[in-house]
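Here is a short briefing on one protein model.

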Amino acid sequence: MDMTRPAPVPLVTDRRQRLVIFCFLLTALFMATLDNQIVSTALPTIIGEFGELERFGWVGSAYLLATSATMPIYGKLGDLFGRKYVMLAAIVIFTVGSLTCGLAWSMDSLIASRLLQGMGGGGIMVSIFSINADLFEPRERAKYQSYSSLVIMASGSLGPLLGGTMSEWFGWRSIFLINLPIGIVALTGISLLLPYRRPVRRPKIDYPGAILLAAVVASIVVWADSVTLFGSLLAWQSMLVVAFGVLCAISWVVVEGRVPEPIVPLKLFRDSTFSLFLVVSFCTGAVAIGMANYFALFLQTTTGLSPSVASFCFIATTTGIVIGSISTGRLISISGRYKPFTLIGLSLNVVALFIFSQLPAGTPVPFILGFMLMQGLAIGFGQQAPIIGVQNSAPREDVGAATGAVTLMRMAGASIAISIYGAIVAAGIRGVGTSIPGVEDIASLTPAMMLRLPEASRIAVHTLYTEAFVPVFMTGSAMALIGLLAACLLKPIRLPAAVVHTESSSKPAT
């Protein structure tokens, strides 16, 4: 069945103004998503100044926790108060958080500042997709959404490289302070050029729902980091966190069914498109964002590549993402169909990750690069549809809430997958290093130390890590398969065609 919905009038009809606004939005998005990864390679330097090695994981987890917990709330605030001022508030919070990170005097102050920074970052990531829904018609939106997704993936690839380089040349504080001029530029451009569309509804904030949802998300992120915090995903402390999260989730459903303006309206779940894309987003986050953190480790431990050379190998993945994302955005814009590309992307994910699980130790690097290109294509093909689909299915007054929910699920999938993959790798190498000549503790074996090992020992390490990564890639392939099954159930919806607007319709509501 061919189901369409009439296209709404865009917020700005002047093409040049829309493109300039979009560039400022991308600037803010790049700034927020870059900080998700840039701190990783600077952490050893930070630990060298502050100490407290046992708490280093919270420098990254604090940002992820705050980002994930606030995403749905920002989406709903945009629906209630207008997206422009919510976006500006998020940029201000992020920029102030970056300043306090750069001025941090202890590990505690840095972690607290990362929480503040993440509260702004979550709002930026959600608001840009919601604003895109106001600026562009559904088919045109697909093309520009692909550019937004490219910025997210590019920042993930550039983050570790920039973090290491800047911390070495200018000190680790520079990776945070660089956000100040960028934030000011984005704030100025958006405040001057983006019109304000006043919502038709009277604001009624669901405070209990916001608190309960934040508690649920916080529980998920803390549980996902249980290996670092409590030593195991099944430790008794972890089970307490799970029980608390389940209790908050049940309470949240009860509250959302009774309040007049819920954070995530339960009526959205009546449309199977929304529910299915939540599953798809969770799975794509697990196999795209979550898996990206482990490809570098895989390359260095199974092939002996240095960190710098391994980082250049990600050009293959990035190339695939660029090709897949841009071509998919344009094809969706032309055809109005997004389901086929979701199926193609997840199918490629299933196959690519399964192939990685079967690669023997010593596989030539060019072959690995070919499969990384395939994984990049899979990500590029599959990352457009969830946001486009839910924005098209949700009522206009709930677009922000729907966008926040689907973005949250992507981040939740990434967070949980990162911890699960890490636990699998750790279990695969635990207690076996002493059986390899010249290796006392394989977990502390750096790439430089690996290159100095005798050839027989080096091959043994490569083989061990190759075997340890087999269940990791199999788990990722299984996650992609779950997403593929959910995508098969999507309705064959076609996005509405663009309509011609007169100048009189270009003036936004005030």
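Leu234, Met239, Val242, Val246, Ile250 and Val254 make a nonpolar surface patch of about 520 Å². Patches take residues with over 30% relative accessible area and no salt bridge; nonpolar side chains (Val, Leu, Ile, Met, Phe, Trp, Tyr) are joined within 5 Å, like charges within 9 Å. Accessible areas come from the Shrake-Rupley method with a 1.4 Å probe, and for residues only the protein chains shown count as cover.

This is a predicted model: local features need pLDDT of at least 70, side-chain atom pairs count only at pLDDT 80 or more, and totals for chains, interfaces and linings use all residues. Residues are numbered from 1 along each chain as its sequence is written, and side-chain values use heavy atoms, with hydrogens and water left out.

**Helix α11**
- Met239 of the patch lies in helix α11, residues 236-256. Helices (H or I, at least four residues) and strands (E, at least two) are DSSP runs, numbered from the N terminus.
- Met239 is partly exposed, at 36% relative accessible area. Buried means under 20%, exposed over 50%, and partly exposed in between (1.4 Å probe, protein chains only).
- The 21 residues of α11 reach 30 Å from first C-alpha to last, close to the 30 Å expected at 1.5 Å a residue. The expected span is 1.5 Å times one less than the number of residues.
- Buried in α11 are Ser238, Val241, Gly245, Cys248, Trp252, Val255 and Glu256. Seen down the axis of α11, its buried residues fall within an arc of 105 degrees, so they line one face of the helix. The arc is that of the directions from the helix axis to the C-beta atoms.
- Trp236, Leu240, Leu247 and Ile250 are exposed on the other side of α11.

**Ser238**
- Ser238 sits in α11 and is buried, with a relative accessible area of 0%.
- Beyond its neighbours within four places in sequence, Ser238 is in contact with Trp223, Ser226, Phe230, Ser232 and Leu233. Contact means heavy atoms within 4.5 Å.

**Salt bridge**
- The structure holds one salt bridge. The term means a side-chain nitrogen of Lys or Arg within 4 Å of a carboxyl oxygen of Asp or Glu.
- Lys491 and Asp271 form this bridge through their side chains (3.1 Å, N to O). The pair links distant parts of the chain, 220 residues apart: Lys491 in the segment after α19 (455-488), Asp271 in the loop between α11 and α12 (272-303).
- Lys491 is partly exposed, at 28% relative accessible area.

**Whole chain**
- The protein chain has 19 helices and zero strands.
- Of its 510 residues, 54% count as buried.
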